[in-house]
Amino acid sequence: MDRKTVSLIIPYYRASQTIARAVESALGQTVRPLEILIVDDGSPEGAVEATKQFGSSVTLIRKPNGGTASARNLGVEHAKGEWIAFLDADDYWEPQKLERQLAVSEEVGFVGGMWFMEYAGKPRCVGEPENPEFFGRVFKPHGVDAFQVALNIMSGVVLVRRKALGDYRFVSGLEPAEDRDLWIRLVASTNIYFVPEPLATYVQSPDSLSNSDADRDCASMLKVLHRHAALLGAKRFRKEKAVVYRRWAGNHLAKGKPRSAIGPAARRLAIEPASPQAWWILCKSLARSILP
């Protein structure tokens, strides 16, 4: 098998409005993938009509609804390429995405890159990675660095060597943080390289799971933290928990739900009792919850 072959896996659920753009961005690659596997995760509208225009250029796999993790895992089991790529149905690639990544793939098992952010009604902007110093060099993260590296990964940019993926899989029940969990495990096990240029566009939709359901999003991220507590160490574990609770409370406040913000704000304060910001967020949540 050609070591440069790529299998692309796209989970599909209620994605009839965006799937064509995602597929076209894959077919328009300067180095085209060996196959495009669209996994219909029991979508009520189905993917047959939405993808029939692509004919044999795509392979449609259907399954009962089970979530993004199970859909991606099923795609991995069907994939034939030496490299595996992932793309959500509402995101899309830059034309040179695979070419740029395969060009730097010799010494690594995992290739990432930068990305664009796209918000409704606004021009695209380049996403800001947590740690720009990770880009443009081959390295293997150790310990807590593996977690930090995972904060710089957008799933639609990932390209992972099948041999490096091995038996690692997404864990159902961690959605929408199941990808972060897998990236932590993967980057701790192989050499990686992050291309220092945007290779894909991450489309931010108000009704996406991470934006529309803060409780599930943040609760799942807490599960991921607990799964990797030993890697993080006690001090960093507490810090990351505080970050999640801060985001959780902030999301509810931004959406005008101060009563829902009280719980996570209080838990954040319990972790960081000396933080003025933690006190401010809790007081704001309490005050707004009693105002008419």
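Lys and Arg count as positive here and Asp and Glu as negative, while His and the chain ends are left out. Each charge is placed at NZ of Lys, CZ of Arg, CG of Asp or CD of Glu. With that in hand, the mean positions of the 39 positive and 33 negative charges of the protein chain lie 6 Å apart.

Keep in mind that this is a predicted model, where local features need pLDDT of at least 70 and side-chain atom pairs count only at pLDDT 80 or more, though totals for chains, interfaces and linings use all residues. Residues are numbered from 1 along each chain as its sequence is written, and side-chain values use heavy atoms, without hydrogens and water.

Here are some values for the whole protein chain.

| Property | Value |
|---|---|
| C-alpha span along the principal axes | about 60 × 45 × 35 Å |
| Accessible surface (Shrake-Rupley method, 1.4 Å probe) | about 13500 Å² |
| Buried residues (under 20% relative accessible area, 1.4 Å probe, protein chains only) | 53% of 292 residues |

Now zoom in on Glu-94. You'll find Glu-94 in the loop between β5 (92-93) and α4 (97-102); helices (H or I, at least four residues) and strands (E, at least two) are DSSP runs, numbered from the N terminus. Is Glu-94 buried or exposed? Glu-94 is buried, with a relative accessible area of 14%.

So who are the neighbours? Leaving aside residues up to four places away in sequence, Glu-94 touches several residues, including Phe-116, Arg-124 and Pro-198; touching means heavy atoms within 4.5 Å. Glu-94 and Arg-124 also make a polar contact through their side chains, at 2.8 Å. That term means a pair of N or O atoms within 3.5 Å; within protein, one must be able to donate a hydrogen and the other to accept it, and residues adjacent in sequence count only if both atoms are side-chain atoms.

Terms used
Buried means under 20% relative accessible area, exposed over 50%, partly exposed in between (1.4 Å probe, protein chains only).
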